Amino acid sequence: MDVLTDQDVQKFRDEGYLVLDGLLSPEECDALRDRMSEIIERMDVPEHCRTQFSTDHDEQLKTQGNADYFITSGDKIRFFFEKGVFDDKGEFIVPKEHSLNKIGHALHAYEPLFKAVTHSPKVQNVIKKIGLINPVILQSMYIFKQPGIGGEVTPHQDATFLYTQPLGRVMGVWIALEEATLENGCLWFIPGSHNDGISRRMVRTPKGTFPLTDFIGREKNYDVKLFIPAPVKKGGAVLIHGEVVHRSAANTSDASRHVYTFHIMDSQNTVWSPENWLQPTEELPFPPLYT
């Protein structure tokens, strides 16, 4: 990949996202996918995912188990499944490699191949060119977008979930490990929508209450005609401003759309909200990108 041009940087600032070709080589993409296959082969499925419940009380406990599992996943590698992939005995009814929605949220810290890509000179150079001074890594995810069952992701802004003061300090790096097309669920954006602030925040609720998170405000209704598709070739990437409105359609094709994505924050003069679901821990403070 060539270094970002000044025009690229301006396009990102104007539109709130930027598609880059060739951030990773096909071989680098395949290495990440192969490693992910090994992780899935050895995965230990959490009990609360397998358990099927019959009473409202049991259902509530399952919901609480899922919520606990999610909210404590910031410094771990955890498994999040598509709906309907287990039978009533908790056994897979699809091949287990097709059961996952995503794995998160600390691949960048604990998986050497993913860590190397996240901190790679190529990534560092892109982020320096965008102008981040002291970026730290907030979270990382491997998203599967399974063929046929990979559901749509409704319009949202990442800053709803990753809120800072001031706004405008968070960005996503979304790397296509397979080609992302109109058919298999590529991203769609409203160009320029990162200039209007956010209308909704996900926050932790007070300790001892349930649910563990809640929303303040509401997502706006967006005119579907404003969204522009952003297909990406294998090894390409999308830089995503924390406030740009984006979505992806369901995967109706017979091809998966594997992605490695991570979020970073410029920590220079920035306050990370203590109300965000994701919090740094003693085991894993947000690591600096430029190391």
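I looked up Phe-114 and found it buried, because its relative accessibility is 0% (buried means under 20% relative accessible area, exposed over 50%, partly exposed in between, with a 1.4 Å probe and protein chains only). Tyr-142 is also buried, at 0% relative accessibility. The model is predicted: local features need pLDDT of at least 70, side-chain atom pairs count only at pLDDT 80 or more, and totals for chains, interfaces and linings use all residues. Residues are numbered from 1 along each chain as its sequence is written, and side-chain values use heavy atoms, with hydrogens and water left out.

Entry on aromatic pairs. Rings of Phe, Tyr and Trp (its six-membered ring) pair if their centres lie within 6.5 Å; planes under 30 degrees apart count as stacked, over 60 as edge-to-face and the rest as tilted. Phe-114 and Tyr-142 make an edge-to-face pair, with 6.1 Å from centre to centre and 80° between the planes. Phe-114 belongs to helix α6 (residues 112-118) and Tyr-142 to strand β4 (residues 135-143), so their pair ties together parts 28 residues apart in sequence. Helices (H or I, at least four residues) and strands (E, at least two) are DSSP runs, numbered from the N terminus. I next examined Trp-272 and Phe-286, whose ring centres are 5.4 Å apart with planes at 85°, so this pair is edge-to-face. Trp-272 is in strand β15 (residues 271-272) and Phe-286 in the segment after β15, 14 residues apart. Both Trp-272 and Phe-286 are buried. I also noted one aromatic cluster formed by Phe-114, Tyr-142, Phe-144, Tyr-260 and Phe-262.

Entry on charges over rings. I used this criterion: NZ of Lys or CZ of Arg within 6 Å of the ring centre and within 35 degrees of the ring normal. The charged end of Arg-201 sits over the ring of Tyr-163, 3.9 Å from its centre. That of Arg-247 sits over the ring of Phe-227, at 5.5 Å from the centre.

Entry on salt bridges. I counted 11 salt bridges, each being a side-chain nitrogen of Lys or Arg within 4 Å of a carboxyl oxygen of Asp or Glu. Lys-234 and Asp-30 form a salt bridge, their closest N and O atoms being 2.7 Å apart. This pair links distant parts of the chain, with Lys-234 in the loop between β11 (228-230) and β12 (237-241) and Asp-30 in helix α2 (residues 26-41), 204 residues apart. Lys-234 is partly exposed, with a relative accessible area of 33%, and Asp-30 is partly exposed at 31%. I then found Arg-35 and Glu-111 joined by a salt bridge of 2.6 Å, N to O. Both Arg-35 and Glu-111 are buried.

Entry on His-156. Is His-156 buried or exposed? It is buried, because its relative accessible area is 14%. I located His-156 in strand β5 (residues 153-156). Its side chain makes a polar contact with the side chain of Asp-158 at 3.4 Å (a pair of N or O atoms within 3.5 Å; within protein, one must be able to donate a hydrogen and the other to accept it, and residues adjacent in sequence count only if both atoms are side-chain atoms).
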